[in-house]
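Student: Let's walk through this model. I'll ask, you answer.

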Amino acid sequence: MLFGGVWILDLLLQKQTRFPSLFYRGCGTMLNAPAADRNKEPILSVLRDCVDPMKPLQALEISSGTGQHVTHFAQALRNIIWQPSEYDHQSLTSIEAHRAHYRLSNVKPAIHLDASLPHDHWEGIYPESLDLVLNINMIHISPMACTEGLFRGAGAVLKPQGLLLTYGPYAVNGKITPESNVDFDYSLRQRNPEWGLRDVMLLRSIAERNDLILEKIIDMPANNKCLLFRKESVV
């Protein structure tokens, strides 16, 4: 089940624009998503509030898109070793271009990852090896198998008390607000019946089946939310 590049299509659908790209000798093509530039700082603010800035940490970003997010977060949170990942090969190239351009020692080379596959297919990611899993703008523009795989995999690869942070638009208790999100959900489902805004309560149920507890819901700009899921400790 493939999800690669779908969040890029999401931005195209919302903004009806093409990504500007920059070619740097020795780095390749760096794609640039305007929406990522807008939301990277609000998401970073959430990260600052929920991770220890002094403790060495290991993080995996699933569906890293252009690479703008991971390089922005890595510059601000130097105590975290970041592992970007993507399915889409053009995005993988862009992530590597961003990584090379910024020369960040705390960002690993991007890996190919299909979120719908079991975590033992996630290249070099081992059980209970991570403090943080980050997923931005994937859930609503991928089949449910990818969402289920995300939570199943996060439940396996996170350490006890590790954190899964997801970001995007969601339904709450069966209701989508505001009207712009209703229209967006309709547009997504018209393009692919397997896409659409997922309900927070559904995600909480999937999370709990994988030893993850919905700890916090944070309202974000542009009618989005951050959902914070904590892995339960083994007693």
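Student: Where is D211?
Tutor: D211 sits in the loop between α7 and β8. Helices (H or I, at least four residues) and strands (E, at least two) are DSSP runs, numbered from the N terminus. This is a predicted model, with residues numbered from 1 along each chain as its sequence is written. Local features need pLDDT of at least 70 and side-chain atom pairs pLDDT 80 or more, totals for chains, interfaces and linings use all residues, and side-chain values use heavy atoms, without hydrogens and water.

Student: What is the phi of D211?
Tutor: Near 65°, which is positive, and D211 is not a glycine. Most residues other than glycine have a negative phi. D211 is partly exposed, at 43% relative accessible area. Buried is under 20%, exposed over 50%, partly exposed in between (1.4 Å probe, protein chains only).

Student: And R103, buried or exposed?
Tutor: R103 is exposed, with a relative accessible area of 77%. R103 is in the loop between α4 and β5, and its phi is also a positive value, near 50°.

Student: Which residues does the cis peptide bond join?
Tutor: T177 and P178, with omega about -10°. P178 is in the loop between β7 and α6 (179–191).

**Sheet and helices**

Student: How many helices and strands in the protein chain?
Tutor: Seven helices and nine strands. Of the 235 residues in the chain, 55% are buried.

Student: In what order do the strands form the open sheet?
Tutor: Seven strands, in the order β5-β4-β3-β6-β7-β9-β8, with mixed pairing. Two strands pair if DSSP finds at least two bridges between them.

Student: Which strands stand at the edges?
Tutor: β5 and β8; each has a single partner strand, so one side of each has no neighbour in the sheet. β5 runs parallel to β4 (residues 80–86), and two bridges join them.

Student: Where does the kink in α2 lie?
Tutor: At K40, shortly before P42, and the kink is about 35°. The bend at a residue is the angle between axes fitted to the seven residues ending there and the seven starting there. α2 (residues 34–50) has 17 residues and reaches 26 Å from its first C-alpha to its last, close to the expected 24 Å. That expected span is 1.5 Å times one less than the number of residues. K40 is buried, as are N39, I43 and L44, among others in α2.

**Core**

Student: How many residues has the largest nonpolar core?
Tutor: It has 27 residues, and those with the most contacts inside it include I62, V133, L164 and F229. A nonpolar core is a set of buried Ala, Val, Leu, Ile, Met, Phe, Trp, Tyr and Cys residues joined through side-chain atoms within 4.5 Å.

Student: Which elements give two or more residues to this core?
Tutor: Among them are β3 (57–62), β6 (130–136), α5 (144–157) and β7 (158–168). α5 gives the most, five residues.

Student: What is L164 in contact with?
Tutor: Beyond neighbours within four places in sequence, its contacts include V133, L150, F151, L212 and F229. Contact means heavy atoms within 4.5 Å. There is also a second, separate core of 26 residues, which includes L47, L77, Y167 and L228.

**Salt bridges**

Student: How many salt bridges does a search of the whole structure find?
Tutor: Seven. A salt bridge is a side-chain nitrogen of Lys or Arg within 4 Å of a carboxyl oxygen of Asp or Glu. E128 and K231 form one of them, at 3.4 Å from N to O. E128 is in the loop between β5 (111–112) and β6, K231 is in β9, and the two are 103 residues apart.

Student: Is K231 buried or exposed?
Tutor: Buried, at 5% relative accessible area, while E128 is partly exposed at 40%.

Student: What does D131 meet in a salt bridge?
Tutor: K159, at 3.3 Å from N to O. D131 is in β6 and K159 in β7, so the pair ties together parts 28 residues apart in sequence.

Student: What about R99?
Tutor: R99 bridges to E96, with the closest N and O atoms 3.0 Å apart. Both are in α4 (residues 89–102), three residues apart, about one turn of the helix.
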